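Please go through the fold of this protein chain from its overall build to one feature of its surface. The sequence and model come first, and the explanation follows.

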Amino acid sequence: MTTLDARSPIAAEAPDNYLTFRRGLLSWLLTLDHKRIGVMYLVAVLASFFVGGVMALLVRTKLLFPGEVTWMTAEQYNQAFTLHGAIMVFLVIIPSIPAALGNFVLPIMLGAKDVAFPRLNLFSFYLWLAGAACAVYSLLAGGFDTGWTFYTPYSTNTTLGGVIPVLVGVFILGFSSIFTGVNFIVTIHKLRPPGMTWFRMPLFLWALYATAVIQVLATPVLGITVALLVIERVFNIGIFDPSMGGDPVLFQHFFWFYSHPAVYIMILPGMGIISEIISVHSHRHIFGFRFIAFSSIAIAIFSFLVWGHHMFTSGQSPLMNVLFSAITFSVAIPSAVKVFNWLATLYKGSISLNTPMLYGLSFLFLFTIGGLTGIPLAVLSTDIHLHDTYFVVAHFHYVMMGSALIAMIGGLHHWWPKMFGVMYSEFWGRIACGLVFVGFNMTFFTQFMLGSQGMPRRYYSYDQIEGMAEAFKMYHHISTGGSYIMALGFVITGIYLLHSLFAGKKAPANPWGGASLEWQCTSPPPHDNFSKTPRVGDCYDFSAVRWDEKQEGYVVDTEAHTASTKNGKGH
Amino acid sequence: MKQPETPFDDPAARFEAGRFGMWLFLLVLAVLFVATILGYLVVRIDNAATFVPEDAPPPPSLLLVSTVALLFSSVTMQRALAAGRRGDPRQGGLMVATVILALVFLGVQAVAWVELVEQNLLITDNLYAWSFYVLTGLHAAHVVGGLPPMLVTCWRAMHARYGPENHRGIAYTAMYWHFLDGVWLVLYATLWLGSLR
Ligand SMILES: [Cu+2]
């Protein structure tokens with residue numbers, strides 16, 4: 001028997017799907033269905049992405065002018081980049097892949113009905129909303145200008161009224177993230193159906209698992225740190241206050257103990273998506289499954305040991321600096337293991353250059369640049385020069401935006417037909433991806449130049465920097481121009497995706513030829529995901545996947561698929 | 001009975017998953033408390049000579065009373081869980097005792113705070129006072145947060161709802177309660193040692 005049964009889209013008109021399962025606003029707001037919760041997260045995250053993006057454009061537009069401008073004061077500028085950073089980190093990138101795409105895909109890929117704790121899952125979403133509400137309230141209460149890093153003593157001294165509300169917001173968002181992590185770990189450990197062994201689990205789930213471990217172990221430290229900061233602002237005394245015997249550098253240790261691992265909360269799920277995209281769209285078995293799987297775990301472990309590399313200029317002891325520098329280099333190993341395995345997967349694959357794959361290839365390019373430019377920042381001698389310059393800004397944008405966010409958008413295109421049952425315009429998808437890629441590199445590659453020539457980050461004006469103002473102005477102009485091109489790419493993406501919801505071609509169950517379980521249920525999936533527990537084969541074995549003209553999609557011959565796995569063609 | 005097809009439909013597997021989730025949640029809280037204690041230790045050790053002011057009162061001896069109350073509440077909680085597992089109706093009385101002991105703990109903590117304030121030790125005075133109020137307050141907040149589930153469990157136990165087939169709720173409550181008990185012992189020891197000049 002193949003999946004060509006009663007539940008395939010052509011066989012039965014309008015089969016049960018999660019979007020039409022129940023109707024009305026309340027059926028969404030009170031839903032316990034992981035798919036609907038994922039979609040709500042997706043809408044919320046994309047809305048925040050829009051706001052954070054507008055802030056970025058404001059910042060970039062200001063920087064077209066070296067000196068003061070009438071339409072944006074230095075204080076407003078500080079608030080704009082702070083807001084951009086805080087929104088993009090806490091409201092967009094951290095929840096984007098795990099909470100939005102992960103929520104939707106994880107139980108289906110696993111062959112489960114839902115996550116382990118559906119109520120906790122919904123609760124996480126409402127915590128996210130509450131955290132976002134705090135952030136909005138902080139703007140009404142006077143805004144905040146601390147940078148997303150909230151460094152003391154500035155954050156305890158600044159007079160703006162929005163600092164406490166946004167810290168409360170970050171605290172709540174932290175717990176939203178923790179509960180998602182707990183849910184995913186338990187789901188993967190305890191709810192795998194028979195036959196779904198650890199080594200048959202798709203690499204995206206391995207990545208989400210490693211991410212969840214970091215979420216659970218690191219985020220409480222952020223929670224208590226911002227809580228102590230709030231107490232310190234309220235009572236004017238605290239352990240970060242040097243006038244009372246406290247230690248402001250302790251804040252930096254606490255903050256980076258979370259925020260360095262948080263970088264991997266952002267990038268690991270992205271790497272997971274890339275493993276799926278590269279393999280499915282080159283129709284070739286992923287190369288080095290176990291290496292990719294275990295490198296995720298290795299990255300999760302290393303992530304806890306390197307936070308001090310953000311503090312080379314903070315007066316840490318030289319021995320600590322050397323140790324943190326050395327351990328930081330070692331993160332390159334598991335990261336490179338992944339990149340080489342992806343490249344080996346592409347080699348001799350029959351690559352479909354459709355939109356998800358274009359984003360996947362963009363990721364490989366941008367992540368490599370992002371990773372390699374981390375080296376001069378991990379080297380003590382060069383970091384002294386590059387610390388707090390645009391070089392750092394460029395580096396972490398290549399990793400957080402060029403890699404994590406690009407992977408998220410690639411994943412969104414990869415699973416869009418599954419999520420909403422429609423195909424988007426491939427033509428416009430490719431064009432938008434091209435614009436984003438070109439715009440991104442224009443924006444941020446120039447910032448490597450700016451930084452290495454000494455342009456400090458977070459500066460409102462640069463006309464006073466002797467001898468460099470003209471050169472900096474040119475780079476800033478290219479950078480801002482690039483950001484507009486990128487914005488155009490995202491606007492086009494928004495338009496064709498929305499358009500597809502109303503006028504898109506109906507998606508087959510398996511438009512790309514994937515072999516993991518989510519491609520075996522209809523698009524969009526039914527409320528219960530699977531009418532009976534699916535049979536689990538090797539999710540990267542494409543030998544039993546064939547094109548079906550009638551469905552205009554691929555079908556997986558489950559019989560042959562599970563058999564070929566047993567014959568040892570899989571792992 | 002029909003064999004459940006997936007772990008998701010199997011009550012025993014769901015209970016297993018719930019307990020595992022609870023362990024993870026306790027791990028989260030443990031990290032939170034450990035970070036707080038580490039932060040305290042850093043400033044305490046940085047200021048070894050000056051941290052405790054000459055005239056500062058030591059931690060109130062009332063805390064011994066609250067500690068005993070909390071320890072006993074763990075005992076009654078555990079016995080309530082055992083009774084719940086058997087479906088023994090004594091689960092109700094034992095849960096009521098646990099709730100009362102929890103309230104006694106919170107009450108004594110509050111009195112201890114008042115006592116310190118009356119001795120003119122305010123949170124804004126110095127880091128010694130600050131750390132006492134913040135650490136005990138952080139723990140008390142977790143006890144207060146545990147009260148709603150505790151009351152629900154108590155109400156259900158009073159109606160003898162728990163039995164061999166169904167004792168998930170009381171089991172989770174017990175896990176959380178023992179955890180808070182352990183955290184308190186560590187915190188109390190830390191504060192007491194830290195108050196030594
Ligand atoms: Cu880092």
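**Overall build and a surface patch**

Chain A holds 18 helices and four strands, counted as DSSP runs from the N terminus (H or I of at least four residues for helices, E of at least two for strands). The radius of gyration of chain A, over C-alpha atoms, is 24 Å, close to the 25 Å given by the globule rule (2.2 Å times the number of residues to the power 0.38) for 571 residues, so chain A is as compact as a globular protein of that length. This is a predicted model: local features need pLDDT of at least 70, side-chain atom pairs count only at pLDDT 80 or more, and totals for chains, interfaces and linings use all residues. Residues are numbered from 1 along each chain as its sequence is written, chains are lettered from A and ligands numbered from 1 in the order written, and side-chain values use heavy atoms, without hydrogens and water.

Along the principal axes, the C-alpha atoms of chain A fill a box of roughly 75 × 45 × 45 Å. Among contacts (heavy atoms within 4.5 Å) with a separation of 6 or more, 80% join residues 24 or more positions apart.

On the surface, Leu25(A), Leu26(A), Leu29(A), Leu30(A), Tyr126(A) and Leu129(A) form a nonpolar patch with about 570 Å² of accessible area together. Areas follow the Shrake-Rupley method with a 1.4 Å probe, and for residues only the protein chains shown count as cover. The largest share of the patch, three residues, comes from α1(A). Leu25(A) lies in helix α1 of chain A and is exposed, with a relative accessible area of 63%.

Definitions and conventions: Patch = residues over 30% accessible without salt bridge, like charges linked within 9 Å, V, L, I, M, F, W, Y side chains within 5 Å. Salt bridge = Lys/Arg side-chain N within 4 Å of Asp/Glu carboxyl O. Buried < 20%, exposed > 50% of the residue type's maximum accessible area, 1.4 Å probe, protein only.
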